[in-house]
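Work through the exercises below with the sequence and the 3D view side by side, and try each task before you read its solution.

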Amino acid sequence: MNKSDILFDYKHIWHPYSSMINPLPCYSVISAKGVYLKLKNGKNIIDGMSSWWSTIHGYNHPILNKSLRKQIKKISHVMFGGITHPSAILLCRKLIKLTPEKLDCIFLSDSGSISIEVAIKMLIQYWESLGQNRTKILTIRNSYHGDTFGAMSVSDPDNSIHKIYNQFLPKNLFANAPCSNFHEEWNSNDIISFQKIIEKNKLNIAGVILEPIVQGIGGMKFYHPMFLKKVEELCKYYSIPLVFDEIATGFGRTGKFFAFQHANVVPDILCLGKSMTGGTITLAATLTSRNIANTISNSNIRCFMHGPTYMGNPLACSVAYANIKILEKNEWKTQVFNIEKELCKSLLPLINHPRVLDVRILGAIGVVECKQQVNLELIQKFFVNNGVWIRPFKKLIYIVPPYVISINNLKKLVNVIAKSLNENTLFI
Ligand SMILES: *Cc1c(COP(=O)(O)O)cnc(C)c1O
């Protein structure tokens, strides 16, 4: 890759949440191994982001690569309409075994946002089948469920990056987010707003959707498990299906295999994505109870009306299966536990830094909430110059490192964050 390639990228290629006029600089990565990203200049930097929560076992993983090579020799892709294949069956058997007994049917799709669209369509069709026209989805403030229209409509309209599209979005219901943090005492007032809205709209709500325990892009907050418990009770009482978005939190990130396991609750619909393929190829899944699946299938049209071209892609299914097999060795538990322990030791004390408002840690997630916004361009450069890859947003500097990171490398990530806090120019 030479200078003209970078210039071409700068002039012609959109990057996530970016502009085509003077976009922030992008760093060119030519390869990666373990927790290291190799830059064009040959320098290795430590990845603190797992490529947005996905590369949990590190890059270029021999077992994941092997499963891809093995599959590519057989078949890379085949349509899923009227055709099935061993990799999809193997993966879906595994997902059904890993998730609560209630979740019995799987819809595979191409990305996290689409798995949310699928869940919303299922909710609408479920009620249609029961002869009810229910059109509202209830969620909470600070939520984030993806970038497609249905997903945007259940993401916080004020706080969210989707504000500009508000005119075009269906209006859903937003209860106050709980204030009780994960590690604090439960404040029973936290459920009042949710309870009021669900009572008032009980005949119009098609479903409730939540990110269990961890609110991601909406503020990196960890809320109290009792909130989920109360939500589950209310959903059961009013017979309203409960959807959990575990796209970011699933597969061990919070210290439990699924974040909802912190609360001993079970959803009616579960969305999975991000780390499901270990950060190799995009794949997502929407799991439902038999009751929901059967009710949908009893609707007037008797089918669920969704079917992406690359549904059940064999390469993605086979590598997801291999990824889950690695998780089943159960090393992730110790890895995540050790990351949490180290973060409590070295990241938590940053709470005393004058620039810092709060430090939050849960499993392999570490968050430093600053009092000011970061200057993204400058802080990104600072991090890269100091040998790490961390991508903050707004006031939040957070890390979600690969589970395989060594304690030494984790300490380096934390040290560079600590160092950045002393640089006035990196903050606005
Ligand atoms: C990333 C994310 C999504 C969207 O997934 P994509 O694969 O980016 O479409 C949805 N919900 C949550 C909680 C996420 O973190």
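In these exercises Ala, Val, Leu, Ile, Met, Phe, Trp, Tyr, Cys and Pro count as nonpolar, Asp, Glu, Lys and Arg as charged, and the others, Gly among them, as polar. The model is predicted, so that local features need pLDDT of at least 70 and side-chain atom pairs count only at pLDDT 80 or more, while totals for chains, interfaces and linings use all residues. Residues are numbered from 1 along each chain as its sequence is written, and side-chain values use heavy atoms, with hydrogens and water left out.

**Exercise 1.** List the residues around the ligand and sort them by class.

*Solution.* Start with the shell, where a residue counts as near if one of its heavy atoms lies within 4 Å: Ser-111, Gly-112, Ser-113, Tyr-144, His-145, Gly-146, Glu-211, Asp-245, Ile-247, Ala-248 and Lys-274. Sorting then gives three nonpolar, five polar and three charged residues.

**Exercise 2.** Find polar contacts (pairs of N or O atoms within 3.5 Å) of the ligand.

*Solution.* First take the oxygen atoms of the ligand: a backbone N or O atom of Gly-112 lies 2.9 Å from one, and a polar side-chain atom of Ser-113 lies 2.6 Å from an oxygen atom. Next, a side-chain N or O atom of Asp-245 is 2.6 Å from a ligand nitrogen.

**Exercise 3.** Locate Tyr-144 and compare it with the UniProt record.

*Solution.* Tyr-144 lies in the loop between strand S5 (136-140) and helix H6 (149-153), elements that are DSSP runs numbered from the N terminus (helices H or I, at least four residues; strands E, at least two). The unreviewed UniProt entry lists Tyr-144 under "binding site", together with Trp-52, Lys-274, Gly-307 and Arg-391.

Terms used:
Polar contact = N/O pair within 3.5 Å; in protein donor to acceptor, adjacent residues only side chain to side chain. UniProt positions renumbered as here; feature names shortened; annotations may be inferred.
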